[in-house]
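Me: I'm new to reading structures like this one. Can we go through the features one at a time, with the general idea and then the case here?

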Amino acid sequence: MNIDIDTIIFDVLIPVIKIIVMILFPMIMVMVMLWVERRGIAFLQERLGPNRVGFQGILQPIADTIKMLFKEDIIQRQSDKLIFNIAPVVVLATSLLAFCFIPVGMTMSIGSYNLTFWVAESPVGLLITLGISSLSVLGIVFAGWASNSKYSLLGGLRSVVQLLSYEIPIGLTVLTVVLASGSMNFIDIVNKQNEMGIWFAFMMPVSCVVFWIAAMAECNRSPFDIVEADSELVAGFHTEYSGIKFGYFFMAEYAHMVLVSSLMVVFFFGGGLPIFPNVEFLWFLHYIPGFVWYFIKIMFFLYLFVWIRGTFPRYRFDGLIRLVWKWLVPLSLLNLIVVAIIRMIV
Amino acid sequence: MIDQISKYPALENIFSSLQSVFKDSIIEGRFEKEELSVKVKKESILLILKFLRDEKGFNALSDMIGLDNSSVNKEGQKRFSVLYQLYRFPGFERIRIVIDVDENDPVDSAYPVYKSADWAEREIFDMFGINFSGHPNLRRIYMPDNFDGYPLRKDFPLEGRQ
Amino acid sequence: MDSKFLEINMGPQHPSTHGVLNLKLSLDNEVVVKVEPNLGYLHRGMEKLWENRTYAQVVPFTDRLDYFCAISNNLGYVLAVEKLMGLEIPKRAQYIRVILTEIQRIVNHIGWLGFVTNDAGAYYTINFYTFEEREEYLEIFEEYVGARLTINAIRIGGVPFDIDDKLISMIEKALVETEKKIKDIDKIVTRNRIWLHRTKGVGVFSAEDAVQFGLTGPALRASGVKWDIRKDIPYSSYDEFDFDVPTGTAGDIYDRYLVRVEEIKQSMRIIRQAIKNLPSGEIAAKVPKVLKIPEGEIFHSIEAPKGELGFYIKSNGTDKPERVKMKSPSFINMQSLESMCKGNMLADVVVILGSLDVLLGEIDK
Amino acid sequence: MADIIEKQPFVLARLDELITWGQKNSIWPFGSGLACCAIEMISTLMARYDISRFGMEVMRPSPRQADLFIVAGTVTKKMAPVVRRLWEQMPDPKWVVAMGNCAISGGPFPTYAVLQGVDKILPVDVYISGCPPTPQGLLHGLLMLRDKVGREHPTKEIFSVHDRPNK
């Protein structure tokens, strides 16, 4: 077996770099999001937000992280220690793991080598990603149960119910994407949108909206943040967590948001594609690299998260369930049928 | 006993009907600062409240007030008083029913007549140690359950007993 | 207690118990079976303290009862003392008192708006808007007496300071701002689907129940009972002003919200009238330095922002009261919490509690 | 080991600086209000005074995630055990600010029900007088606390076995 330098570079070095980048990417996005969230919500609320550390408070997330790292880690005597310790890891790890199939940009040709902006490519990448990301609920349930606190337990229970109901509209809307693109591979989905010259969001607006609503619920974000509902459950499932373990949950929430925004972008907004990819006179847009497009798009959705949080009150538990079963599930079923029929004709 | 009450015929009307129905129970009626204050016997308080609510339309018990009379030097004055502040609307008349209570002397709870008496009675029990018989849940309301003494009694020091 | 219910201790430290209140909740899944409020975590022994203070010294303590609307508490106590003394208050002082208490009502209601939306989970945004508005009025108080929260702006016999043109222009400016803000909040909140879902048909209290429980204030009016002491037993020249008493029909949280928003508008009307018709003259009656009140007793109540605020004062001829009993609106409102919450969900408890506008300083005394 | 720490070598001193920089710029208060001062505490949080500029706006409802306990208001004897317990539930390092005269000394309430000063049950870092203190006063106190946090030596506590509080 002869090992040449190309093999080492292209088969070992670059994938390793990719993996590192793809783990760092959500982490950095989390940091950015922490800042965006606090400054953004301050902007909505007629105030300044953190602006003392670094330029415009950009170092604020780092200060928070340092503080959390050096904070005492309290483990209650009555808690189930193993599960208590595992829970934050499960939540964060599943959120990060799901990133490995996401195409963060388009293929870029450097000489003869095609640089791809994803860690792995799989014909069932979509299934795996959805599966992994919904596993994070397991961590929340772990946390709720192991804390030996009633507020946490209620938070965990709510989380299960929420997951069970919101996975259905998510699955049904993702099916429409699969129908439209004919593949469960993220890269194919993006390429199909390139081929058709139109983002799926404009083709299937209903899917897009339903997916966004359900995805917001999946992230436990306001107005669906019943899992950690401040005003009812103190801090929900992470009431008893302190120090960096709480930081894990904090990060996982944002990582999940980044993931959901990424899925949104890939499914419905053409991933790393420029706007109107096939229109001739917009040729110059193709000179902007794919990952820039991707970044701009997910930033929009991430800010949308903040915006919505700053605007809406929280749904009550039953209202949330009603929203799913009375509106989202029938709507997405109908949508699926319509898409299927159109797909059959076209 | 009652002066310038004729300015408020509604109150006069109430007082006279009270007098005619509960002849023996009414001890004293006083009209002071646009208010009618009727002192009645402790035993018939529940009947009187019921009468006022059902017949005279006093639909709300605004407040219950406890008093410690230990500093009052009057012949035959009992240790405590309990005041019932009633009002009725529409019409907006206020009337105060006063009963005198001795120490360790239970009073009939007004809870069956006015639901708002619930906490008010608990407060008086907490602060003065007056017992209300028939109250569904007579516990201390402000002080911890193991607190010693009744703070608003005149012999309780302001700083508390250590 | 039956073990199939989940028992939860909400408070004394909980983000939405509005102070140090302990609620023992029994839950059947998420549905509330039993609510048992546990008070006294802020019991400071006020009434005992008042028996050891002179009449004038009590006034600052009333600030600390309902600290969110201190002036109304001042007024309630001071009016009771004045009535017991038989003191005649100059018209100008009465008008200034009306202006101050109505500002306080706006401050309370607008602050309430922020808190209740916060309880419903609106992540502080409305709270920020309303508190910014509240600051405008606090500036007026600061200009008037120099304090913001516990301002002690009403003294026995009148008011300590006159109001001048600068203050009046500040008030007028703030009113205009508030009108705008109310419109903004109306846009965000009133027809918001989630807000409707959280408030309509939640915490319903019928008019009969409300009266039976002795409920007062906006919570009572939302149930459809038109009972406003300002209108029905006028004090401090309220009979000279033209204003409406808004009432609701359903008696749920949404109606309480509407009633309060309407009350803000009515208060603005009253303030504008008072400023327009402000009579000239003295701002305080002559009151002796050492206040000795002849024996007697009085119960006088006013319409505080939270409901009927009454003071019972028994004097014994010395300079200190024999007994001062405060009838706090929150105390009565809190009492009805249990029957409102039964059968609702856990998330509703905090919103119902918020909608009753209770404040522990006033309940625990 | 203890010897080295006494001298505060360069690396540890720099590490100290880094840690305290993080800590002082991210003091998350515990969202606990007891009485009147709580309203002024909320006012400080609000847009006009905007405590968030210093990264302090994250009011944590759970003591486990908070760094700073602002004792805002009267501590009654019934509440005192709860306050103490909440403080114990907070993870180290933690700081306490006694806000208002009631928390400092019982304030105007020398009665049977009021604890005469929260420093009888908690170690207080900063006292802010006033009844209640204005938001400016609270901000001043919090900035003082920031300076105080910046002067601490967390590495000493991490590496030395002796000075550690009982765990």
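Reply: Let's begin with overall shape. The radius of gyration is taken over C-alpha atoms, and the globule rule is 2.2 Å times the number of residues to the power 0.38. Now chain A: it has 346 residues, for which a compact globule would have a radius of gyration near 20 Å, and its value of 21 Å agrees with that. Along the principal axes, its C-alpha atoms fill a box of roughly 60 × 55 × 50 Å.

Me: Before we go on, what kind of model is this, and how is everything labelled?

Reply: This is a predicted model, where local features need pLDDT of at least 70, side-chain atom pairs count only at pLDDT 80 or more, and totals for chains, interfaces and linings use all residues. Residues are numbered from 1 along each chain as its sequence is written, chains are lettered from A and ligands numbered from 1 in the order in which they are written, and side-chain values use heavy atoms, leaving out hydrogens and water.

Me: What is the mean pLDDT of chain D, and of chain B?

Reply: The term first: pLDDT is the predictor's confidence in each residue, from 0 to 100. Chain D averages 82, and 88% of its residues score at least 70. Chain B averages 80, with 94% of the residues at 70 or above. Over residues 1-5 of chain B, though, the pLDDT is below 50. Where pLDDT is low, the predicted coordinates should not be read in detail.

Me: How many helices and strands do chain A and chain B have?

Reply: Chain A comes to twelve helices and two strands. From its N terminus, the order is α-α-α-β-β-α-α-α-α-α-α-α-α-α. Chain B has three helices and seven strands, in the pattern α-β-β-α-β-β-β-β-α-β. The radius of gyration of chain B is 16 Å, close to the 15 Å that the rule gives for 162 residues, so chain B is as compact as a globular protein of that length.

Me: Now the interfaces. Which chains share the most contacts?

Reply: A contact means heavy atoms within 4.5 Å. Of the five pairs of chains in contact, chains B and C share the most. That contact takes 44 residues from chain C and 46 residues from chain B. Chain A and chain B, on the other hand, do not touch, and their nearest C-alpha atoms are 25 Å apart.

Me: How much area is buried between chain C and chain B?

Reply: The size of an interface is often given as the accessible area lost when the parts come together. Here, buried area is the accessible area (1.4 Å probe) that two parts lose on being put together, summed over both. For chain C and chain B this is about 3800 Å², with carbon and sulfur atoms giving 56%. Lys48(C), Gln212(C) and Phe299(C) supply 18% of what chain C buries there, more than any other three residues.

Me: What about chain D against chain B?

Reply: There, six residues of chain D are in contact with twelve residues of chain B. The buried area is about 620 Å², 62% of it from carbon and sulfur atoms. Lys78(D), Pro110(D) and Tyr112(D) supply 80% of the area that chain D buries against chain B, more than any other three residues.

Me: How many salt bridges are there between chain C and chain B?

Reply: Side chains of opposite charge can pair when their charged atoms come close. A salt bridge is a side-chain nitrogen of Lys or Arg within 4 Å of a carboxyl oxygen of Asp or Glu. Between chain C and chain B there are six. Arg96(B) and Glu297(C) meet in a salt bridge, at 3.9 Å from N to O. Between chain D and chain B the rule finds zero, while over all chains the count comes to 55.

Me: Where does the Asp67(D) and Lys71(A) pair lie?

Reply: Asp67(D) forms a salt bridge with Lys71(A), the closest N and O atoms being 2.8 Å apart. Asp67(D) lies in the loop between α3 (36-45) and β1 (68-72) of chain D, and Lys71(A) in the loop between α2 (60-69) and α3 (81-97) of chain A, so the pair joins two chains.

Key: Helices (H or I, at least four residues) and strands (E, at least two) are DSSP runs, numbered from the N terminus.
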